[in-house]
Each structure stands twice: as structure tokens, then as C-alpha cells.
Amino acid sequence: MQVGIVTLFPELFTQFFKTSLMGRATESGVVHIHYEDLRPHGLGKHRSVDDTPYGGGSGMVMRADCVVAAMDAAATALGEDGVPAHRILLTPQGRRFTQVDARRLAEKPKLVLTCGRYEGFDERVRSFVDEELSLGDFVVTGGEVPAMCLLEAVIRLLPGVLGNGDSAREESFSEECGGLLEYPHYTRPVSFRGMDVPEVLRNGDHAKIKRWREEQAHARSAARRPELLVESRGRTKDQS
Ligand SMILES: C[S@@+](CC[C@H](N)C(=O)[O-])C[C@H]1O[C@@H](n2cnc3c(N)ncnc32)[C@H](O)[C@@H]1O
């Protein structure tokens with residue numbers, strides 16, 4: 001997968017893409033990251049990419065001409081082979097990013113993610129992207145941390161990135177877990193401050209363990225995220 005990141009702060013990403021799983025993904029060539037620094041696309045002596053808002057008000061707005069030029073440059077840098085890059089704008093006003101999106105985006109050969117700052121983007125930028133995604137109903141200062149989070153969710157699903165492929169298959173929100181939360185995990189010690197590992201996990205009866213885990217996943221989802229059960233039932237009905 002080829003990824004272009006449009007940002008005023010490329011240096012925020014460098015350690016992230018050198019470390020742990022993301023380091024392995026970039027070093028092995030499963031993912032190639034191109035940083036498109038917004039600053040050279042800025043205007044004037046200070047290479048400004050922002051300006052005051054029409055209509056007044058506080059804060060600065062990212063200029064459409066600078067941002068779109070940087071997005072185009074990032075897409076070109078990913079190769080002019082006729083395969084278009086899928087363009088994503090990170091904004092709190094976008095659709096909420098989920099594991100279903102992570103799986104969908106993991107199928108794309110090229111992604112360009114654009115990170116905002118200040119008050120966000122001139123409205124016209126929205127016409128130049130394929131989708132807007134939000135990491136949740138909160139506002140952070142810039143799109144860089146949301147971009148790292150989204151990319152980690154996508155890249156860990158690419159073949160060859162996780163050491164043990166199964167750990168990505170059976171986890172919360174996965175198809176294998178029916179889109180539900182995962183069951184609880186335990187490791188040693190068997191007893192910790194008065195809390196014991198459930199007996200069923202220690203008796204080696206794999207059929208019983210499987211059943212217990214399914215029941216736990218169901219109960220936990222019902223208690224914490226009841227809407228996941230409704231969605232899961234909807235998917236089962238669609239498939240039948
Ligand atoms: C301070 S925010 C701008 C918020 C904007 N004025 C609003 O009220 O919707 C600056 C940038 O941070 C990023 N950002 C902030 N919160 C985000 C979220 N929940 N998901 C994705 N990106 C976010 C976006 O790129 C955004 O352009």
C-alpha cells in the first residue's frame with residue numbers, strides 16, 4: 001500500500017512509523033509512506049497556508065488553493081500509473097471511522113490523508129476528497145494524531161504485518177467475533193488480589209472454553225455496546 005500524508009508537521013510521524021508494528025510494515029515494504037509537507041505549498045515570505053475567515057470571527061482557516069495543491073502533489077508522488085489515490089480528509093465533522101472502514105481502506109492500493117490545523121479547512125477543499133472521516137465526537141488540535149490512529153488500524157490488517165494473523169481476525173468488531181466486543185483475557189498469576197482466573201479456562205476443555213468465550217462476548221457487548229448486537233443481528237439477517 002502507498003500512503004501520502006499531507007501535513008504541516010511531517011516530523012510528528014517519523015518515530016511512529018519507525019516503531020513496533022508500523023516500523024515493521026514500512027521497513028518490510030508492505031507500506032510506503034510519502035510525506036507531503038504543506039509549507040512549501042504556502043504563499044508569501046512565510047509560506048502561509050492559512051488566512052482569516054470571510055465573515056469575521058476568531059481563528060484561521062486553511063486555504064483551499066494551498067491544501068488542494070498539496071493533495072494533488074501527494075497523489076502524484078504515489079505514482080502516475082493510472083491508479084487513483086483514495087483521498088481522505090480528517091475532520092471532526094466527517095463520518096465516524098470504524099473497523100469496517102479499516103477493512104475497506106486496507107483494500108485500497110493508495111491513500112492520501114490530509115491533516116487540518118487551526119479552524120480547519122476552507123469549505124471548498126471538501127470537493128476534492130473521496131470522503132471525510134472523524135475519529136470520534138471530540139476535537140483535537142490537528143489531524144496528525146487521528147491520521148496515525150486511522151493508519152495503524154488499516155495497516156495492521158495488511159497481509160504480513162501482524163506476526164500471528166489470527167490476532168487480527170479474532171478481536172473486537174471483527175467478522176469472526178460477529179462484530180461484537182471480544183471476550184475477556186487472562187494470564188498468570190492464576191490468583192491476583194482475590195480475583196481468580198475462571199475455572200473453565202483452566203480445564204483444557206476447548207468446546208467449553210469456546211462456549212464460555214461466546215457467552216462472555218455477548219454479555220459484555222449487551223452491557224457496554226447494545227447497538228453492536230442490533231447491528232450483528234441485522235448482518236446475520238442480510239446474509240440469510
Ligand atoms: C481544531 S480542529 C478544527 C475543528 C473545526 N473548527 C470544527 O469545529 O469542526 C483542527 C483539525 O484537527 C483535525 N481534527 C480535530 N478533531 C478531529 C477528529 N475528531 N477527527 C479527525 N480529525 C480531527 C482536523 O483535521 C481539523 O481540521
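These legends walk you through several close-up views of a predicted model.

Local features are given where pLDDT is at least 70, side-chain atom pairs count only at pLDDT 80 or more, and totals for chains, interfaces and linings use all residues. Residues are numbered from 1 along each chain as its sequence is written, and side-chain values use heavy atoms, with hydrogens and water left out.

**View 1. The shell around the ligand.**

View 2. Look for the polar contacts, pairs of N or O atoms within 3.5 Å. An oxygen atom of the ligand lies 2.6 Å from a backbone N or O atom of Leu 90. At Gly 116, a polar backbone atom is 2.9 Å from a ligand oxygen atom. A nitrogen atom of the ligand, in turn, is 3.0 Å from a backbone N or O atom of Leu 135. The protein buries 85% of the 580 Å² that the ligand exposes when taken alone (areas by the Shrake-Rupley method with a 1.4 Å probe). Strands are DSSP runs of E with at least two residues, and helices are runs of H or I with at least four, numbered from the N terminus.

**View 3. Strand 1 and its partners.** Find strand 1 at residues 2-7, where 5 of the 6 residues are buried, meaning under 20% relative accessible area with a 1.4 Å probe and protein chains only. Strand 1 pairs with strand 2 (residues 32-37) in the parallel sense over 6 bridges; pairing takes at least two DSSP bridges. In this pair, Thr 7 stands opposite Asp 37. Strand 6 (residues 110-115) also runs parallel to strand 1, joined by 5 bridges, and Gln 2 stands opposite Lys 110 there.

**View 4. Gly 136 in its loop.** Gly 136 sits in the loop between strand 7 and helix 5 (144-155). With a relative accessible area of 6%, Gly 136 is buried.

Terms used
Polar contact = N/O pair within 3.5 Å; in protein donor to acceptor, adjacent residues only side chain to side chain. Buried < 20%, exposed > 50% of the residue type's maximum accessible area, 1.4 Å probe, protein only.
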